[in-house]
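Please read it with the structure open.

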Amino acid sequence: KQWYQRRVAITAGYDRRMNKLLKRIRMERISSSIRFLEPYLWVAGYDGNIKCFNKDMKIMKKIETGHTQPIMDMCHNMGATVTACKDGVVKIFSPNTSPVLWNSFTLDNSASCVDYRKGIIMAGCCDSSVVFWKNINVD
């Protein structure tokens, strides 16, 4: 096969204390954001979706987000799952393995990063701006 016919992205976990590779996962597309919230590993990708892995690193669920372009960053905590996408949309989901879309915002530019802390959603944009939404009732 030609190199351009099949591109495989690999996500790997490394244990520094034991000096060894824990697990390597072959992904269909490039992973753009990885978050661990016990007991699951959440991986956002360039396909615009999120994959949820169990403790054995087996894919448990593929979550369709509705994004039309790559997810650039994802924040996943006990309060919400928030995605920032190259399509300029920030989406807020319930933080579980069957997420419900709670809200979404459209930015003037592509979103490059996102965070959610204490009721404030922050999104960094590709035009060097940072956008804040406060008192979002998502908890």
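1. Start with the term. Rings of Phe, Tyr and Trp (its six-membered ring) count as a pair if their centres lie within 6.5 Å. Planes under 30 degrees apart are called stacked, and those over 60 are called edge-to-face. Keep in mind that this is a predicted model. Searching the whole structure turns up two aromatic pairs.

2. Take Y40 and W42. Their ring centres are 6.3 Å apart, and 85 degrees separate the planes. The pair is edge-to-face because that angle is over 60 degrees.

3. Now check how exposed these two residues are. Y40 has 25% relative accessibility, so Y40 counts as partly exposed. W42 has a relative accessible area of 3%, so W42 is buried. The cut-off for buried is under 20%.

4. Next come F105 and W133. This pair is stacked, with 4.4 Å from centre to centre and 20 degrees between the planes. The pair joins distant parts of the chain, 28 residues apart. F105 sits in strand β10 (residues 101–106), and W133 sits in strand β13 (residues 130–134).

5. Are F105 and W133 buried or exposed? F105 is buried, at 16% relative accessible area. W133 is buried too, at 14% relative accessibility. Both values fall under the 20% cut-off, therefore both residues count as buried.

6. Last, the cysteines. A disulfide needs two cysteine sulfur atoms within 2.5 Å. By this rule, the count is zero disulfides. C52 is buried, with 0% relative accessible area. C85 also counts as buried, at 0% relative accessibility.

How values were computed
Residues are numbered from 1 along each chain as its sequence is written. This is a predicted model: local features need pLDDT of at least 70, side-chain atom pairs count only at pLDDT 80 or more; totals for chains, interfaces and linings use all residues. Side-chain values use heavy atoms; hydrogens and water are left out. Buried means under 20% relative accessible area, exposed over 50%, partly exposed in between (1.4 Å probe, protein chains only). Helices (H or I, at least four residues) and strands (E, at least two) are DSSP runs, numbered from the N terminus.
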